[in-house]
Amino acid sequence: MATNRTNIGSKFQNTDIPSENDFKEIFDSFVHKDEDKADFQMVEGGTDNDHYVTPALLYTGLKNIGIVTGNCYMPHKENFENSFNGTTLSLQKLPIRYSVKVYKNGQLLQEGQEGQEVQEYDYIVNYDTAVITFSGTVSDRNLEVNYWYKNLGPNPGGQSGEAIDFTSFLHTSGNESKTGLLTFNNTTTTSTNGIILKNSGAGSAATSLDVTNSGPGNGISLQNSSTGTGVKVSNTGAGAAINVNSATGSTGDILQVAKNNVVQTKIDSEGNITATKFVTAGGLRSQFIKGDGFPDPTAYAEDTKVIHTSGNEDRDGALKLTHNSSPAEDVLTITKNNSANCLKLVQNSNSNATTSTFDTSTADNNRRAISVQKIGIEKAFITHDGNVSGTSFTTLNEKADITDGFLTLADSVSPTATEGHAKLYAKTNGTTDMYVMGSDGVEKKIGAGGGTTITGTVNKLVKFNSTGNNVTDSNITDNDSLVTISKPTTIDSGTSDNSGLILSKLTSSASTGVSTFATGVGTSGKATCLTYKAGYYYSANQDGNVYKTSKATGVTTIFSTIGGALVHLCPADDGNLYVTRIGGNIYKVDSSGIAVLFKTGLAGNLYGIVQGVDGNLYVVELHGTIYRLTLSGDLTILSTVANAYGICNGIDGNLYIMNANSPGGILYKVTLAGVVTTFATNISGSLGTVFPIEKLSDGSFISNTNNNIFKISNTGVVTTIAATGLMYSNTIVVESDDTFYSISSTGIIQKTSLQSSKVLKTNSTGLVIKSTYLEDVPYLKASDVDLSSYIKTFSPTLTGKPTAPTATLGDNSTQIATTAFVLANTSASNSSSGSFTGVLTGYQNNVSGVTITTANYTKIGNIVTLQYAVNLNIVASNTNSFFEVEAPFFRAGVTMSYYIGQGTVYSTGLPQGIPGQAYFLSNNQGYIRFLFTSETGFGPRNVTFSCQYDITK
């Protein structure tokens, strides 16, 4: 039975008496030094598992590997990389008992022995069949099996006779070339060598160790972690102990010394040594090393403390030059051949220190401190006593010149002298008059024939008598800030309608002034609109950002990032900005710049947004839809117009919308009830397309293109104002003084003034000229003129029986219509009404079964009103629908189509009215098209349409 130390110990407890069998078990459990020692035959047989092997026997066995044929034991390795699955593994060779070692993913597994339970080992080996059986299933693992086998062939190697590959062995003799990593570890305590290389070759090219490295690693890596020497080279012969050779074409370093893989010292292929420093035994920091390698004992001056004879230098510290030897020479001579200064002295001290001092230690007053010479001839000098001698003296501004002892004074101003001094000067060319002025500022003329002496108070307006003295005049007062002349003063220009008064600082200005307020607002080429709120201008940009520009500084920053192509924005009285984006979305941006999606589902191109006087938002879409959006998010359709590009509030509380695609532009007035009328047409003429619209303080409107401003009065009259440098913009922001700001697509905000800067009517030179109209004085107050006999141009209130010229019959202009004109146009011969037969043209879309049940007309003068009752079937919802009829009254002189009024379509069973449009066709002026949107309903409908037009337009 198996016995361990615990079992043996229990047989010798106190009071126990061991038996013979106990002693026998004890001796059987321990190895006997002589009887249990294995011999070579046991090792060669490989079947004994009861004897121990000494190091000497192991050494003998290892020496015979690969040399003895026949019963020779060889190592073998088998690898299975990610390929083994199962519980058993067959080996290629019959392994020597107990020599099998199995590694799974690099981990050594436990081999089981006879009698062990399966959970106590990882595998067992049947050495008779060369089969390994695992304790469980192994799946997709890297396996490595190492074992010894008995070579039964005639040659070293496998039992089939293949030769052993000794390329990975290192021999003790012979010439060899090895690849891979060789590690030698000498751990003996005596003074021995880990590797001994001996070279007995006869030729000079013979080498004990030749290492060729063609990769990025090291050919030889020597690591020393003790206090000994990593590499020791001893030389007892006449040859070189170490010879590092570099081939002719080599460019790399032949030797490098590194610390922490950083090269500190190197020898290149030419033998040049580069190192951090070179240290000589016994040398000092102040010494230089000579060419023979020995320190130079000579003491040299520091380079920073000497002045060189050539080159540009900066030196700090005091410089003292002394010259006491003979012959007497100039102590310091500076010669230069360029345009620079020979000597420049710069004083940077804040004290009252002197920049340059010329001193002498003797009392010789004839000694010169400074001598100025030209080509060796003295021209001026200054002595140590302060005397100055020169050929002439001239001030920098050449007002005073002393030459040959004569003083010449030229034309000069009359500055006040400093306290305690007086200044002498001439101030009039062509005269000999001289003037003197003291520090009191009083100017006095010197010389005979000087004329009248003027007396009086400085800077005061006074009256003088014939002797030049001022006299008191009660009509003239001067209190330093205001001069008053109470008696009428006559200024006669000698020219009719000319005052003769010229205001030198007041000239007539242009009607507009365009200037750049800010640049670089957003991404260039993508700015779309501008609005104002609480000291900042906000602009939307098609780069997805809202930008904020300070009105005070013009500095622009990103206020909010929404993304997508932003189009228009407006502030609302809830403190937020509302921004439209291409795709039919509206975003709400709070005061901190945080944006949230406010409303979706609108048409794609939202080209204008404004808050109406009723507090709701009104949004226009390119194809004509006008939306009403409450601040709580409720959306309805107010009405429709065509090609809506801009919207603003009028002073009358209505909405005004610009149609930019019609020639010259059309401005519509839209009431908050949805009634649309044409307010102004052909705004820009042929000068370009107009998009923006905004109201001015007097109730008129303004729009612009490049270099032009269009002002539309509150009666619809358009005037054009030239504005050089004004760029096209989509929106306008008008200030209270009618100065407006606009933004171009390139991100430039421009400021444009519409007010004249004059307060009196003047010509271009400032001469005050005759004023005929009140407009010549733009800033005239109402209290300055009696306006009781005038009426206002906007919403006047008339009393009595005001009269006006009677227009001709059929006139349809903006001229005032008198009662006589109305009576003439509504006479029986010029008015009619009744029913007529409505005729369909057959052109229609998204409708079928169109039948006109009734058709009535009313004609008053040139104005025709039509009413149709129609039965029709709507094919599909949310689709533009139309049908056409023949007009009962043709128009004359029409060359193109235009909108003629607003009809309202009512659908049976639907609570809301659907807005529609009616217009003449451009290709047939006798056809009227009724256009409407079918909205959410479709199917049979009974609807009514009405429109109105002028047969002369």
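Start by selecting Tyr656, Phe679 and Phe701: together they form one aromatic cluster. Rings of Phe, Tyr and Trp (its six-membered ring) pair if their centres lie within 6.5 Å; planes under 30 degrees apart count as stacked, over 60 as edge-to-face and the rest as tilted. By that rule you could find ten aromatic pairs here. Zoom in on Phe679 and Phe701: the ring centres are 5.8 Å apart and the planes sit at 80°, so this pair is edge-to-face. The two residues come from distant parts of the chain, 22 residues apart, with Phe679 in strand E41 (residues 676-681) and Phe701 in strand E43. Are Phe679 and Phe701 buried or exposed? Both are buried (under 20% relative accessible area with a 1.4 Å probe, protein chains only; exposed is over 50%, partly exposed in between).

A word on what you're looking at. This is a predicted model, where local features need pLDDT of at least 70 and side-chain atom pairs count only at pLDDT 80 or more, while totals for chains, interfaces and linings use all residues. Residues are numbered from 1 along each chain as its sequence is written, and side-chain values use heavy atoms, leaving out hydrogens and water.

Next, colour strand E43 (residues 701-705) and strand E44 (residues 708-712), which run antiparallel and are joined by five bridges. Strands are DSSP runs of E with at least two residues, numbered from the N terminus, and two of them pair if DSSP finds at least two bridges between them. Click Asn704 and look across to its bridge partner in E44, Ile709. Now widen the view: the open sheet here has four strands in the order E42-E43-E44-E45, with antiparallel pairing. At its edges are strand E42 (694-695) and strand E45 (718-722), each pairing on one side only. Strands of a sheet pair through backbone hydrogen bonds, either parallel or antiparallel.

Hop over to strand E28 (residues 545-550) and strand E29 (residues 556-561), another antiparallel pairing, over five bridges. Lys548 has Thr557 as its bridge partner in E29. Five residues lie between the strands of this hairpin, and Gly554 takes a positive phi near 80°.

For the last stop, which ring does the charged end of Arg368 sit over? It's the ring of Phe381, 3.9 Å from the centre. To count, CZ of Arg or NZ of Lys must be within 6 Å of the ring centre and within 35 degrees of the ring normal. Then try Lys93, whose charged end sits over the ring of Tyr149, 4.9 Å from its centre.
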